[in-house]
Amino acid sequence: LVKPGTVERQEGGLATQFVVTDGPKDVRVEYVGILPDLFREGQGVIARGSLDNAGLFEASEVLAKHDENYMPPEVADALKESGHTLPSNEDS
């Protein structure tokens with residue numbers, strides 16, 4: 001997860017630093033590029049890249065993970081129209 005309060009964007013540039021955490025362990029990540037629309041603090045991410053000697057993870061790609069309950073709106077609408085019941089958190 002992207003640790004809340006750790007996202008630092010370079011003003012006027014594409015460089016972003018943030019911390020990824022699994023709870024007990026944190027890793028600082030640096031990425032240069034356009035981040036996905038779903039990227040935000042507290043959100044799950046997948047970062048591909050390499051760890052340097054100082055412990056900084058230099059990401060070459062960052063993917064934002066959907067919530068495990070995510071369903072595209074068009075799929076949810078099609079299921080509703082066919083009479084299927086959706087869990088309450090996807091019904092809005």
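This is a predicted model: local features need pLDDT of at least 70, side-chain atom pairs count only at pLDDT 80 or more; totals for chains, interfaces and linings use all residues.
In which sense do E2 and E3 pair, and over how many bridges? They pair in the antiparallel sense, over seven bridges. Strands count as paired when DSSP finds at least two bridges between them.

Residues are numbered from 1 along each chain as its sequence is written, and side-chain values use heavy atoms, with hydrogens and water left out.

Now the overall layout. Along the sequence the pattern reads β-β-β-β-β-α.

The five strands form an open sheet in the order E1-E2-E3-E5-E4, with mixed pairing. Strand E1 (8-9) and E4 stand at the edges with a single partner strand each, so one side of each has no neighbour in the sheet. Strands of a sheet pair through backbone hydrogen bonds, either parallel or antiparallel.

Next, the interior. Of the 92 residues, 26% count as buried. Buried means under 20% relative accessible area, exposed means over 50%, and partly exposed lies in between (1.4 Å probe, protein chains only). The largest nonpolar core has eleven residues, among them Val2, Phe18, Tyr31, Leu35, Phe39 and Val62. Such a core is a set of buried Ala, Val, Leu, Ile, Met, Phe, Trp, Tyr and Cys residues joined through side-chain atoms within 4.5 Å. E3 and strand E5 (57-64) each supply at least two residues of this core. E5 gives the largest share, three residues.

Valine 62 touches Phe18, Tyr31, Leu35, Pro36, Phe39, Val45, Ile46 and Ala47, leaving aside residues up to four places away in sequence. Contact here means heavy atoms within 4.5 Å.

The structure holds one aromatic pair. Phenylalanine 18 and phenylalanine 39 have ring centres 4.9 Å apart and planes at 65 degrees, so the pair is edge-to-face. Rings of Phe, Tyr and Trp (its six-membered ring) pair if their centres lie within 6.5 Å; planes under 30 degrees apart count as stacked, over 60 as edge-to-face and the rest as tilted. The pair links distant parts of the chain, 21 residues apart: phenylalanine 18 sits in strand E2 (residues 15-21), phenylalanine 39 in the loop between strand E3 (26-32) and strand E4 (45-51). Both phenylalanine 18 and phenylalanine 39 are buried.

Conventions
Helices (H or I, at least four residues) and strands (E, at least two) are DSSP runs, numbered from the N terminus.
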